[in-house]
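Here are some notes on the packing and the aromatic contacts. Please read them with the structure open.

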Amino acid sequence: QVQLVESGGGLVQPGGSLTLSCAASGTIFDIYAMAWYRQAPGKRRELVAHQDKVGNTNYGASVKGRFTISRDIVKKTVSLQMTSLEPEDTATYFCNADARETAPSARRDYWGKGTLVTVSA
């Protein structure tokens, strides 16, 4: 089983910055991509940022230019640097990995439990 543990959430003022981290552990044959999603109360989960194994990145429209995703392939970690935070960024942020546990096992999505980011004065 692949476990993902997020850290770094908290309360930040509008205009501030915060960095989230996620570490993957457990039985891992390969991780093809890692991503961050978020879900605000009463809203659907949405993609924040995604990075594949060769470094291609993809960002949600509302965070482009403000957030940066980066992966450490060897350490099996992914971080999300968030700047110019707005109250609309308030949400629970979830780490996601597109991974395979063993060579013959199916490739699938894994999720962390989430970390809360609150942007408020």
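**Core and aromatic contacts**

1. The largest nonpolar core holds 30 residues. Those with the most contacts inside this core are L4, M34, W36, L80, M82 and Y93. Keep in mind that this is a predicted model.

2. Two or more residues each come from β1 (2–7), β3 (18–26), β4 (30–39), β5 (46–52), β7 (67–72), β8 (77–82), β9 (91–100) and β11 (115–119). Strand β9 gives the largest share, 5 residues.

3. L80 deserves a look. Leaving aside residues up to four places away in sequence, L80 touches L18, T19, L20, W36, V48, A49, F67, T68, I69 and Y93. W36 and Y93 are, like L80, among the core residues with the most contacts inside it.

4. How many aromatic pairs are there? The count comes to 1. The partners are Y37 and W111, in an edge-to-face arrangement. Their centres are 5.0 Å apart, with 65° between the planes.

5. Y37 lies in strand β4 and W111 in strand β10 (residues 108–111), so the pair ties together parts that are 74 residues apart in sequence.

6. The threshold for buried is under 20%. W111 is also partly exposed, at 37%.

Key
Residues numbered from 1 in each chain as written. Predicted model: local features only at pLDDT ≥ 70, side-chain atom pairs only at ≥ 80, totals over all residues. Heavy atoms only, no water. Core = buried A, V, L, I, M, F, W, Y, C linked by side-chain atoms within 4.5 Å. Buried < 20%, exposed > 50% of the residue type's maximum accessible area, 1.4 Å probe, protein only. Helix = DSSP H or I, 4+ residues; strand = E, 2+ residues; numbered from the N terminus. Contact = heavy atoms within 4.5 Å. Phe/Tyr/Trp six-rings, centres within 6.5 Å; stacked < 30°, edge-to-face > 60°.
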